[in-house]
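Hi everyone, thanks for coming. Let's take a few minutes to look at one helix and one of its residues.

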Amino acid sequence: SRGARGGDRQQRRLAVTRRILCAPVAAGRLGPREGNLSFSSHKDARRSDIETGGSVLSTALEYLTRGWSVLPLQSKRVPLVQWRPFCDQLPTREQVTSWWTQWPDAWIGVALGPVSDLVRIDADGAEALRQLELLGELPPTAEFASPSGGRGWLYKCPPGLVKSVVPWTGDRAHEEVRLQSVGAYTVVPPSPGYTWVNGPCV
């Protein structure tokens, strides 16, 4: 039937998405570009401002030291600066300091793709989470919860991955599995409603 064929296509897309991501991650967990530390040694580094409730500015600066292209946001879909240039280059420490001095409560966004060496797998809805579980356990990495109850996982950006895709969609509104990459950004904790489940170390 048409519905069965559509479901098969979505399962194939999910499986391809998982293969794309898991091979490079297995070779080396995400770490700061300069340090290339393992996931386990990141997980034990608990004295950062991120873990101890420092200011949003100090957290944004720490993300920047990890090589993440951070952006100030008014809300999920409202950047406070022209963000497209930061899909290609990191902001300077002075720019980040200026942004969060001007907007101390701004949410933190991170531009995805090669600039931050990050992609995000996003699962919204119980059925989306179940679809991911059917593919097997994802390699451990930074995981966070969103206000809608969804989950996001950050992985190393695989070579040649240049676009965002939606490999699975459900019957309900906003029920989907997404792979976000070049040309997208993700909101990250401690933005309102976003919390680390396993992280923030990746």
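Which residue just after H6 takes a positive phi? That is Gly 136, with a phi of about 105°. Before going on, a word on the source: this is a predicted model, where local features need pLDDT of at least 70, side-chain atom pairs count only at pLDDT 80 or more, and totals for chains, interfaces and linings use all residues. Residues are numbered from 1 along each chain as its sequence is written, and side-chain values use heavy atoms, with hydrogens and water left out.

Now to Glu 127, which sits in helix H6, residues 126-134 (helices are DSSP runs of H or I, at least four residues, numbered from the N terminus). Glu 127 counts as partly exposed because its relative accessibility is 26%; buried means under 20% relative accessible area, exposed over 50%, and partly exposed in between, with a 1.4 Å probe and protein chains only.

Within H6, the buried residues are Ala 128, Gln 131 and Leu 132. They lie on the same side of H6 because they cover an arc of only 100° around the axis, taken from the directions from the helix axis to the C-beta atoms. Over on the other side of H6, you'll find Ala 126, Glu 133 and Leu 134 exposed.

Back to Glu 127: leaving out residues up to four places away in sequence, Glu 127 touches Trp 168 and Glu 175, where contact means heavy atoms within 4.5 Å. Arg 172 is 45 residues from Glu 127 in sequence, yet their C-alpha atoms are 9.6 Å apart in space.

Conventions
Helix = DSSP H or I, 4+ residues; strand = E, 2+ residues; numbered from the N terminus.
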